[in-house]
Each structure stands twice: as C-alpha cells, then as structure tokens.
Amino acid sequence: MQTSKHNQTAIQRSTLIDALRTILVDDAILFEQEDLKPYECDGLSAYRQLPLVVVLPETIPQVQAIVKLCQQHEIPVVARGAGTGLSGGALPHSEGVLLSLARFNQILDINVQQRTARVQPGVRNLAISEAAKKFGLYYAPDPSSQIACSIGGNVAENSGGVHCLKYGLTVHNIQQLKIITIDGELIEIGAQGLDAPGYDLLALLTGSEGMLGIIVEITVTLLPIPERVQVLLAAFDDVVKAGEAVGNIISAGIIPAGLEMMDKLAIQAAEAFVHAGYPVDAEAILLCELDGTNEEVSAHILTVRKILQDSGATEVRTARDETERMTFWKGRKAAFPAVGRLSPDYYCMDGTIPRKHLPRVLKTMADLSKAYGLPVANVFHAGDGNLHPLILYDANKPGELERTEAFGGKILELCVEVGGTITGEHGVGIEKINQMCVQFKPLELTQFHAIKAAFDPKGLLNPGKAVPTLHRCAEFGAMHIHHGELPFPELERF
Amino acid sequence: MKEQDLSQALQVQVQTANENKSPLQIRAGHSKAFLGHTVNADILDVSPHQGIINYEPTELVLTARSGTLLSDIEIALAAQNQMLAFEPPHFGDSATLGGSIACNLSGPRRAYAGAARDYVLGTRLINGKGEDLHFGGEVMKNVAGYDVSRLVTGAMGTLGVLLEISLKVLPLPEFETTLVQTVDTTTALDKLHDWALQPLPISASCFDGDQLMIRLSGAPTAVRAATQKLGGETLENAGEFWRSIREQRHEFFAGDKPLWRLSIASTTPPLKVADKVLYEWGGALRWIKTDLPTQAMQHMALTAGGHATLFRPGQVQAQQQPQEIFQTLPDGLMQLHKNIKRAFDPNGILNPGRVYPEL
Ligand SMILES: Cc1cc2nc3c(=O)[nH]c(=O)nc-3n(C[C@H](O)[C@H](O)[C@H](O)COP(=O)(O)OP(=O)(O)OC[C@H]3O[C@@H](n4cnc5c(N)ncnc54)[C@H](O)[C@@H]3O)c2cc1C
C-alpha cells in the first residue's frame, strides 16, 4: 500500500514538475527536500508538512496556468503569503502544490485622489503605509506582524490589529480584489465606488483562508494620517476594574483608536524584555490611544483620564511626547516575544468574548491554568473583546504540547460558552478545526461546505482547513460538549 | 412594539415552500418594494417577527428580530446616546431592520463611517431548504467560518430569510453642524476630494448643483476648528435637511422621471448628462433623474469604475417590466452568483428574480 502510493506520487511529481516547467522558469519551482523545508510550516510551527512542490509565480497568467494544471490532475493547491499565520492555514498538503505569492510584491498604483492603493498580494502590510506616507495617507489595519505579513494573507485571514476598534478589520478597509478561481478564471470583485452590484463577494473572500480562490490583486482604502495621536497608560490593582474602565470609556461615547490590556504576567515579561517603564506590581494595565484632530484629542484626553481615575486606576500616565508614546507601545508590541522568553515555547490563543464576561473568563482560565499545570499570560485587545492568552510550555517535555493544546481547546470552548468565538483574527486553519464543531451546528457546517463547493466543487483549494467535515466533528463530539449544552463550569469534566 | 418570535412558523413556511418548490416573496415593512423586480409569489410576512433581543450599550452591540421597526431600534439606541452609524434610509414608517439589512442601504454618513454591511456582526437566517442557521455573533472580531452575515447583507432575501441581526452600534456624535457653500460643480468636487485627504471630522456631504452642504461631527472644539477651516454659512434645520436627502423627500427627487443611482469612483468628473445630478458621499454617489436608456446609464457607471441601479422606475417604465434594474454582471461573476444562490436555495424559492432573473 505504502509503496504503491509512494510510486504513484513519485510519478505524479515528476510529470507535475515537467508540466510546471512549461509555465515557470526553473528557479520558480522548488522540489528538493532542503528547498521545501522553509515552507513546511507557518507561524504555528507545531504543525509541519512538506509539500510535493513549491511554486513561485510572478504573473497572473502563470497563476492561472498552475491552477488549471492542478485542477486537471486534481492536485491540491495551498496558497501562501508570508507564512506568519498562527493557525496553520498555509500548512502545505503532502500531495499538493504550495503556491507562494512572495514574488507578487509590487505596489502597482497609489491613487491619491481616490485614497486607494492597488497592490499585489505579496506586498507587506507595513510597506503600504510606508509608500502612502508621502501623501499624508496610511493603511489602517495594523497586525502586530505588519513588518512581515502580506496583504494577501491579511485578506485571506481578515486580519485585525491594535487599531481595529476604531478603524475596522481588513474587510472594512479594502475595495477590490482580483481572484483566480480553481478553473483558472480571473474574476474582479468590488468596484471603485463604495459598493458593488450583486452579492458581497468581497466580504465572502475576506477571511476565506485560501479556500475559495487565489487572491492576486487587492485595492485597499487609505486614510489621512491623523493630525495627532496620544496615548494614556493606566495601572490597576484588579483586572476586573481594568475591564470595567474599558466599558466606562465606551459608555462615555469615546471610541479610542486602540484600547489594549495586559495582565500581570504579560506586564512583567514585557518590562523585563524592553524596559518600557511599566508598573510591574500592577495586576493589569490599559493602554488607551486617542487620535484625530488636535482639538478632538485634547478634549478626549481629559475625559478619558478622568474616567480611568474614577474607575479605580492606581496610576494614569499620559505620554509626554512621541518618544514616550512609542515606549508605552513597545512593551505591548513586544508582548509575544517577551512572554516567549519566560519559557521554551508559548502557544498563542485568539478567542473573542463579550467584554462583560471578562471576569468569569479570566477566573476560569486561571483555574484551568492550575488544573493543567501550565502558566498563562494575557494580552487582550480589550476594546473589542479579543483575548490572546499565551500558554507557556516546553515542547521537549513529553506530553506537554498535547496538554497545551487541550488547555487551549478548553479556552476556546469557554469563549463560545459565553457567547464569543474561537477566533477573532488568527483564523481557523488546521489549529481550531475541532473547535469549529463546538461553535457551529452540523447544518451550519454543511452550509459552509456548500459555499466552498460553489467555488471549488472538487475541494482542491487548501483542503482540510477552516471547515471540519461532519465526520470529524462526530468523532470530536463524542468527547466534547456542544454549544454549551452541558452545564458550566467546565472544570468538573476532567 | 409587539415582541414576538415567529422563527418556527417562518421556518415551517419555508420548508413547505421548498418541498412544493413554490417560490416566496419575503416581505416585512414593504417600504422598499419599489427597489428591484417584482416577485410574483406567495408572501412570506416577516413583519410580526419583532423585538430587540439584546442590547449592550457598553459593548456597542444590538441584536434584534428582523421585523423590528427601524424606528423602534433608533429610539432604543438614542435613549443610550447611540445610533446606527450607517444612517439607514427608512423610505416609510414601516421600515424594518431586516429590510434595511437585506437591501444594504446606507445614508449620508456612509462615506465617512461605513455601510450597513460594515456594521453587521452576525445573523440568524432560514436558507432555502428551511434550515435555521446562525452565523457570526455579537462580538466585533470573529473570523470563524465564512462571513455569511455580510454575504446575505444586500442579497435582498435571495439567499435566506433573515430572522435576527446583530449590529455594531456607535455613540452619537457629541456635536454636529452643517456648513453651506455656494459653488459650481467642478469646485464642489475639487473641494470634496481635497478635504477627503485631510483628517477632518466630516460626516456627510451633498451637492445639489448650486450648494455644497458639509456636515461636521465630533467634539465641539474639533467641529468649531473645522468650521473655521472650511468656511461657509451654517445651515439651519440641518437635521431635517439630511433626513430629506436620506429619505429622498428633497425637491430634487420630485417628478416622474426614473431615478438612477450611480455608485462610482468619487473622483469621476461631472458626468455628461443634460439632467440634474445630486451628489453624495464625497462624489462617490450620484443620483440622476433621467430618461436615458438603461444601457447608457450602465455604460456611464462602468466607465466611472462603478455600477448603476434603476433605483425608482419612472411611471412609464413601471408598466413595461421587465428591464434590467441592477448593473449587468460579467459572465464569470454571474456564474459564481448562480453557484452561491444554489448553495443556499437549491430550488430557487427565495425572492427569485428580485435582483437578477438568474438568481
Ligand atoms: C508575531 C505575530 C503577531 C501577529 N499579530 C497579529 C495581529 O495583531 N492581528 C492579526 O490579525 N494577525 C496577527 N498575526 C497572524 C498573521 O500575521 C496574520 O494572519 C497574517 O494576515 C498572515 O499573513 P501571511 O502573509 O503571513 O499569510 P500566510 O500565513 O502565508 O497565510 C495565511 C492564510 O492565508 C492564505 N493565503 C495567503 N495568501 C493568499 C492569497 N494571495 N490568496 C489566497 N489565500 C492566501 C493561506 O493559504 C493561509 O490560509 C500575527 C502573527 C505573528 C507571527
């Protein structure tokens, strides 16, 4: 069995490579073990797999030809941007082609008057803002990975960032897409106006994790750079108070540009790493960024400062200048690697909850942390309820990765139980495929599969990701709850 | 408001219609019946399915049944100093939330705050097979599964019967003022484009051919500073003015000629039409009352990077159905639309033909 399958693959592979040579130059086709290695995983390195072949096309007709070839031979196609994804979305398929968009790295046009940039998918997120800066414009969604991640990957994941509370996610900041369907057809989606006729395929493609089409061009919306930006740092002796402060700011009618929370472990890790001057005894800190016109920011700073104090902050600092503002942010931006220094490995989760359930979720998470014997640090896009618990573990200790994954799974199920979601911005990929069975009923998953089939009837684009089969859910469900049908608390069940 | 949960009854009706392959026209407030083709089929009345299910002002989230009156929702929000930021047109007292979302209609604030689809967080719907499905949720960030909630926003009921909708809501602006400047068309468009490149607290714009109206929203100090910078007279009764634009009660909209909606690149120079044009959204939305044929209007919109909708047929046209209302889609795109329609409604029973004959 094994051998025959191998032989079959080997034949396929050499014919495939020959066929690819008619489409691409030699250096755009990788198939030697050592050349494939850099592509074996994305940012979630716990999952690794070598593809059959990696291709690096640089024109749309090349992508069309590759996809057509794969469709003809029923070979899976996995798109890859910069490979910074945290859910294994770009994990290769052992029998498939990994299609890297890295050579699609051109900013094609910045239309200043229309405030748009037309870019290729491999362009780095930050490069767009850098190019637009001379026109006083920028691209708002700013994932922490923005120096590395590609805009194509951002669209495929509907990525967010620190500023999405006020400026929205990727889906709110793009206007047009060009995609290649599995038939190799080039389809233009969206329009140069503010809406387009027919169904909102722009939204459907955004966050579709490479399952519906290959994105080959994106027109993003640019915004004027705000006149002024200011940040406040508030310390709290209680996480719950910090959570309430967030609600109080929003109730006062202010939507900050960013509103981030870190818990004690995260604060201490960040402080030890970058020396941002964070109050290390605090149970939680909030970073509240305000932007807009000079007058608007001046008015809101006073209000927010008072709200933070009234909410029980033990200390409130306002950045005196741009340097101090950057220092305040430095700790937050470096939070993941900082926590990473505390332990050999860390696992980043990405659930979203209605903010009012924060105390209960944090409490349960602390209990779970004890039960599993794994520490957890919390970094939190507090404004929009997006939690990033970072579980500390050591992959070299037998069983610890499995325990970490089980703990992580529990956290996600907890998010669903309180009315939230298993992923706020990192996507389902392969990582959260089981938790999809918790979040959605079989009929809903069936609807997702029908959507997938509307684009890709043979299931060749990124197979096995994002939406679990019902069979998989049945197996998973045998051990798990569904939609909170078993009563809370979770802890009683292990 | 009479709170009532009709989910099950509606589901049974869709299931029956699906079994019999007999089409349904989904109807709630009937306030947007003028938009799109007439569907000749049994009525599925969603209007009694009413009630705000959850409203959390500090979380900026509201969930309501689709038959809930838009006005009831706006009253509930205003009581907490909040609003629907996309400023939806009502087109009648009976307008419901479901209808507004199904049509994805947005008002003057759209160019500055986003469209209805930008605020949709989750939906519960019945697909064409009569299945009761839930997508998205009540949180701002959610990337689990395909974004079905936004896909059905603007699908005009052709993919599912909306049962519940969760929306992100926003605080009401602290202060607003509207400025008026008397300028010609080219100057008006130049100014709009220029301002769009600056960080200004603009929340609406309209040019009626003679006068440019600009609404500013935000902290009073910020609005006053922008007022100084932009200049112009302050418009009295500004609230009523913007409502008249949103609801198409403004005198521009009077008369029997067909009303065309062109959603195009904001930077498009003045269109070459003899008829009067009303501009909104910084130049990206243009209303034209004209007798020009559909083909000419579609061509004009396409050349300007956008699309044309015969928003309200004239009296003559109304009697000569059918003709195209929405911009013709290229073949490949239409094929995808057909596939998606089939994925939700295999027997084609939900509002068939309301948008395109093929869907
Ligand atoms: C340190 C760190 C911090 C991060 N911070 C954030 C954050 O703040 N917010 C956030 O949202 N994410 C964050 N991420 C996650 C990640 O950066 C984003 O998901 C990003 O959008 C992935 O982009 P990429 O180019 O690396 O995509 P990849 O990882 O290469 O691919 C991601 C998915 O998109 C698909 N894909 C990629 N390109 C295309 C294309 N052209 N067409 C079709 N499908 C495509 C792939 O198949 C895969 O499913 C972070 C990651 C790291 C490592």
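In this predicted model, the C-alpha centres of domain 2 and domain 4 of chain A are 28 Å apart. The contact between them takes ten residues from domain 2 of chain A and 14 residues from domain 4 of chain A. Chain A also touches chain B, with 77 residues of chain A in contact with 70 residues of chain B.

**Domains of chain A**
- The domain assignment of chain A lists domain 1 (2-100), domain 2 (107-224), domain 3 (228-337) and domain 4 (343-375 + 393-493).
- On domain 2 of chain A, the side that touches domain 4 of chain A holds three nonpolar, five polar and two charged residues.

**Side of chain B that touches chain A**
- At least two residues each are supplied by α4 (110-113), α5 (116-119), β7 (132-136), α6 (148-152), β9 (170-171), α7 (185-196), α8 (220-230) and α12 (331-344) of chain B.
- The largest share of this side of chain B, eight residues, is from α12(B).
- By class, this side of chain B has 34 nonpolar, 24 polar and twelve charged residues.

**Shell around the ligand**
- There are 36 residues around the ligand, and Gly81(A), Gly85(A), Gly89(A), Gly153(A) and Gly210(A) come nearest.
- Two or more residues of the shell come from each of β3 (77-80), α5 (151-157) and β10 (214-221) of chain A.
- With five residues, α5(A) gives the most to the shell around the ligand.
- The shell around the ligand divides into 13 nonpolar, 18 polar and five charged residues.

Technical notes. Residues are numbered from 1 along each chain as its sequence is written. Chains are lettered from A and ligands numbered from 1 in the order in which they are written. This is a predicted model: local features need pLDDT of at least 70, side-chain atom pairs count only at pLDDT 80 or more; totals for chains, interfaces and linings use all residues. Two residues are in contact if their C-beta atoms, placed from the backbone, lie within 7 Å. Helices (H or I, at least four residues) and strands (E, at least two) are DSSP runs, numbered from the N terminus. Ala, Val, Leu, Ile, Met, Phe, Trp, Tyr, Cys and Pro count as nonpolar, Asp, Glu, Lys and Arg as charged, and the others, Gly among them, as polar. Domain bounds come from an automatic or database domain assignment. A residue is near a molecule or strand if its C-beta atom, placed from the backbone, lies within 6 Å of it.
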